[in-house]
Amino acid sequence: MKSKILILLLIFTFSVNGQTCDKYVKACEDTVKAQDIAIDNLKPYMDRFEFMKMSSENAIKSFAPGSVDYVFVDGDHSYDATIADCELYYPFLKKGGIFCGHDYQALESVKKAVDDFRTKNKITAPINLTLNSAFFWNK
């Protein structure tokens, strides 16, 4: 069965501590490796995905509110950055869309930010947890 996803946009800041990453910056080796692995895994879908190498704040300008089917947050894992990403992207998710992210069970800062975001926005949909520390719920 062919996927119903027509286009997948991956927003990737591609920086560590404010420094733009490339293969020559030692601190960015893991970031570069992660991007290479993601691109390799997505090769069968090359005609349907695009890496957007920019900040979340700039990338969101490409979308209309309520136009996104699926959001996966896995950025800076600090409390402030996690809650900011949730607040930034949630309005762009369609009703019935899937909001998810990573490291909910692994990092207290992520868990607290997600829980506080849900409380603040009165989100009562059940939160689902996966074995690899991901979370998701339907809007």
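Two strands count as paired if DSSP finds at least two bridges between them. Helices (H or I, at least four residues) and strands (E, at least two) are DSSP runs, numbered from the N terminus. The model here is predicted, so local features need pLDDT of at least 70 and side-chain atom pairs pLDDT 80 or more, while totals for chains, interfaces and linings use all residues. Residues are numbered from 1 along each chain as its sequence is written, and side-chain values use heavy atoms, with hydrogens and water left out.

**Exercise 1. Work out the strand order of the four-stranded open sheet, and say which strands stand at its edges.**

Step 1: Get your bearings. The protein has four helices and eight strands, and along the sequence they run β-β-β-α-β-α-β-α-β-α-β-β.

Step 2: The order is β5-β6-β8-β7, and the pairing is mixed.

Step 3: Look at the ends. β5 (68–73) and β7 (128–129) each have a single partner strand, so one side of each has no neighbour in the sheet.

Step 4: Zoom in on one pair. β6 (residues 93–101) and β8 (residues 135–138) are antiparallel, with four bridges. In general, strands of a sheet pair through backbone hydrogen bonds, either parallel or antiparallel.

**Exercise 2. Describe the cavity that a search of the whole structure finds, and what lines it.**

Step 1: On a 1 Å grid over the protein atoms alone, a cavity is a set of points where a 1.4 Å probe fits but cannot get out, and lining residues have an atom within 4 Å of a point. Points are joined across faces, edges and corners, and the volume is the space filled by probe spheres set on them.

Step 2: Count and size. The search turns up one cavity of 30 Å³ or more, and the largest cavity has a volume of about 60 Å³.

Step 3: Name the lining. It has 13 residues, and V73, D74, T82, H102 and V110 are the closest to the centre. α3 (79–89) and α4 (108–120) each give at least two lining residues, with α3 giving the largest share, three.

Step 4: Sort by class. You get five nonpolar, five polar and three charged residues. (Ala, Val, Leu, Ile, Met, Phe, Trp, Tyr, Cys and Pro count as nonpolar, Asp, Glu, Lys and Arg as charged, and the others, Gly among them, as polar.)

**Exercise 3. Say where H102, D103 and K122 sit, and whether each is buried, partly exposed or exposed.**

Step 1: Set the cut-offs. Buried means under 20% relative accessible area, exposed over 50%, and partly exposed in between (1.4 Å probe, protein chains only).

Step 2: Take H102, in the loop between β6 and α4. At 23% relative accessible area, H102 is partly exposed. Leaving out residues up to four places away in sequence, H102 touches F72, V73, D74, V110, N132, S133, A134 and F135. (A contact means heavy atoms within 4.5 Å.)

Step 3: Move to D103, in the loop between β6 and α4. D103 is buried, at 12% relative accessibility, and has a positive phi, near 75 degrees, in a residue other than glycine.

Step 4: Finish with K122, in the loop between α4 and β7. K122 has a positive phi too, near 55 degrees, but K122 is exposed, at 69%.

Conventions. 1 Å grid on protein atoms, 1.4 Å probe; cavity = no way out; pocket = protein on both sides within 12 Å on 5 of 7 lines; lining within 4 Å.
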